[in-house]
Amino acid sequence: MAMKSLSFLAVLSLLALTLPLAIASDPSQLQDFCVSANTSANGVFVNGKFCKDPKLVTADDFFFSGLQTARPITSPVGSTVTAVNVNNLLGLNTLGISLVRIDYAVNGQNPPHTHPRATEILVVEQGTLLVGFVTSNPDNRLFSKVLNEGDVFVFPEGLIHFQANIGKAPAVAFAALSSQNPGVITIANTVFGANPAINPTILAKAFQLNPRVVMDLQTKFKK
């Protein structure tokens, strides 16, 4: 009897150790799909979205068209990102994946940014890009590479990364991300364009800049 009790306690201890690991990853799906719905009518709330009644799902819920078309570039950094995620392709809900097309003008860039919920894998379709990411503190090590057509590069989840067109013609890349809604934090926009603004004295000390320079940057990034 004592041996049986001891074995039972050992099993409980093992479960206590492994349970946190078991609930730390995404659960497996219990249905084929969960197409996002814009209304709660006859829906179930899953992963931030209501699920459409499976009987009302059509092929169009899994379809997006037009990524073959170049996008106009009007941003000051010289790039346009066209995202295909759960917000415009409803069938992606709960599937843990999304896609972007990035158009770069000559000398354009996709400036330093991070995706808090996704790893990104990028392939160059046209042009030449300088890409890279930086590891976390304290090393802050830069991994950088020049990519040509057909080349692939991976940016690990959460790390700051960038792409810059160093060729003599416009460039195009496509990237897949390991989240239905990976999010994006563009460093300059977030720091200097915060609303309300971060105290310039704090940013001046953090970036070792004159407060007037910080205030000028905040004016440039103000929404």
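Mentor: A disulfide joins Cys 34 to Cys 51, with an S to S distance of 1.6 Å; the term means a pair of cysteine sulfur atoms within 2.5 Å. The model is a predicted one, in which local features need pLDDT of at least 70 and side-chain atom pairs count only at pLDDT 80 or more, while totals for chains, interfaces and linings use all residues. Residues are numbered from 1 along each chain as its sequence is written, and side-chain values use heavy atoms, with hydrogens and water left out.

By the distance rule, the count comes to one disulfide. Its two ends belong to distant parts of the chain, 17 residues apart: Cys 34 is in the loop between helix H1 (2-22) and strand S1 (36-37), and Cys 51 is in strand S3 (residues 49-51). Helices (H or I, at least four residues) and strands (E, at least two) are DSSP runs, numbered from the N terminus. The torsion about the S-S bond of Cys 34 and Cys 51 is about -55°, so the disulfide is left-handed. Cys 34 is buried at 1% relative accessibility, and Cys 51 is buried at 11%. Buried means under 20% relative accessible area, exposed over 50%, and partly exposed in between, with a 1.4 Å probe and protein chains only.

Next comes the nonpolar core, a set of buried Ala, Val, Leu, Ile, Met, Phe, Trp, Tyr and Cys residues joined through side-chain atoms within 4.5 Å. The largest one has 16 residues, and Tyr 104, Leu 122, Leu 129, Val 131, Leu 147, Phe 153 and Phe 155 have the most contacts inside it. At least two residues each come from S5, strand S7 (120-126), strand S8 (129-134), strand S10 (152-155) and strand S12 (171-177). S12 gives the largest share of this core, four residues.

Glu 157 sits in the loop between S10 and strand S11 (160-165). With 44% relative accessibility, Glu 157 counts as partly exposed. The C-alpha atoms of Glu 157 and Leu 177 are 9.1 Å apart, although 20 residues separate the two along the chain.
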